[in-house]
Amino acid sequence: MIRKSLLVAAIFGFAAGGVYAFLLGARGSILPAAPATLGEETERLETELSLAAAKKPYLVLDLVNSRLDYRLSGMTTKSIPFRVDSIRDKGKDGRIEAGRLALLSIEDRGAPAEIIVPPDPAKPVDPLKDPKLFPPDPPADFTLLFDRPFKVRMVGEKSEGWSMSGMGRRFKEWLPWGPGGGRKETRVQLRLPAERAQEIYRALYRGEKVLVVGLGEIPKP
């Protein structure tokens, strides 16, 4: 039953991928070498089988089709499209390959802690604006940290910010992550609307499993 659900999800995924590509238009300079073969897709489904059998929610970060899938028992409950802005793999320009996979576990959402400033007790506060009841919106720019040297930065932008950054700006944005150019880790930067980035931030939790498609340890045969 689970394997059948995964196959149905895969067929839906291929169709949805084409729609997202049309809606998003041109991607960045990072393009997959080739679409997944039947053998590679079968290998991905076999890797995902253990996640589906656990009956816990998990994510599929599909860099090949530029979307983040929320899944439960092999079925896709929601898909969020994004743009691949840049990839740095061990300090070098990375390349998406459909046959590469990585099964990761989220350790941190990598955003500054939310600070709630209590209102002045001498001044009345509108209940609808009380920060204790309605805390600030979650960040739209944050970095996911995993149990391995793999980082994914989500850059949420307003509607006018969907234009792709130039090469200089892209790599400058990695500087706050420390010197060394990420020679010991893989860094991926994605762009999407700010409200979608906030939606992702709200839903993530420590220990959640993420299957990355397009980068990882399993090489393309």
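F142 has a relative accessibility of 1%, so F142 counts as buried (under 20% relative accessible area with a 1.4 Å probe and protein chains only; exposed is over 50%, partly exposed in between). Y201 is buried as well, because its relative accessibility is 8%.

The model is predicted: local features need pLDDT of at least 70, side-chain atom pairs count only at pLDDT 80 or more, and totals for chains, interfaces and linings use all residues. Residues are numbered from 1 along each chain as its sequence is written, and side-chain values use heavy atoms, without hydrogens and water.

## Aromatic pairs

Rings of Phe, Tyr and Trp (its six-membered ring) pair if their centres lie within 6.5 Å; planes under 30 degrees apart are stacked, over 60 edge-to-face, the rest tilted. By this rule there are two aromatic pairs. In F142 and Y201 the ring centres are 5.0 Å apart and the planes stand at 65°, so this pair is edge-to-face. The pair links distant parts of the chain. F142 sits in strand β7 (residues 141-146), Y201 in helix α4 (residues 194-203), and 59 residues separate them. Helices (H or I, at least four residues) and strands (E, at least two) are DSSP runs, numbered from the N terminus.

F146 and F150 make an edge-to-face pair, because their planes are at 85° and their centres 6.0 Å apart. F146 counts as buried at 6% relative accessibility. F150 is buried at 7%.

## Charges over rings

Y201 has a second contact: R109 lies over its face, 4.1 Å from the ring centre. K78 lies over the face of Y70, at 5.0 Å from the ring centre. The rule asks for NZ of Lys or CZ of Arg within 6 Å of the ring centre and within 35 degrees of the ring normal.

## Strands around β7

β7 runs antiparallel to strand β6 (residues 101-108), joined by two bridges; pairing needs at least two DSSP bridges. D108 has L145 of β7 as its bridge partner. Five bridges join β7 to strand β8 (residues 150-157), also antiparallel. T143 stands opposite R153 in β8. β7 and β8 form a hairpin with three residues between them.

## Helix α2

Helix α2 (residues 38-53) has 16 residues. From first C-alpha to last it reaches 22 Å, close to the 22 Å expected (1.5 Å times one less than the number of residues). A kink of about 30° is centred on T47; the bend is the angle between axes fitted to the seven residues ending there and the seven starting there. Buried residues of α2 include E40, E41, R44 and L45. After α2 comes K55, with a positive phi near 60°.
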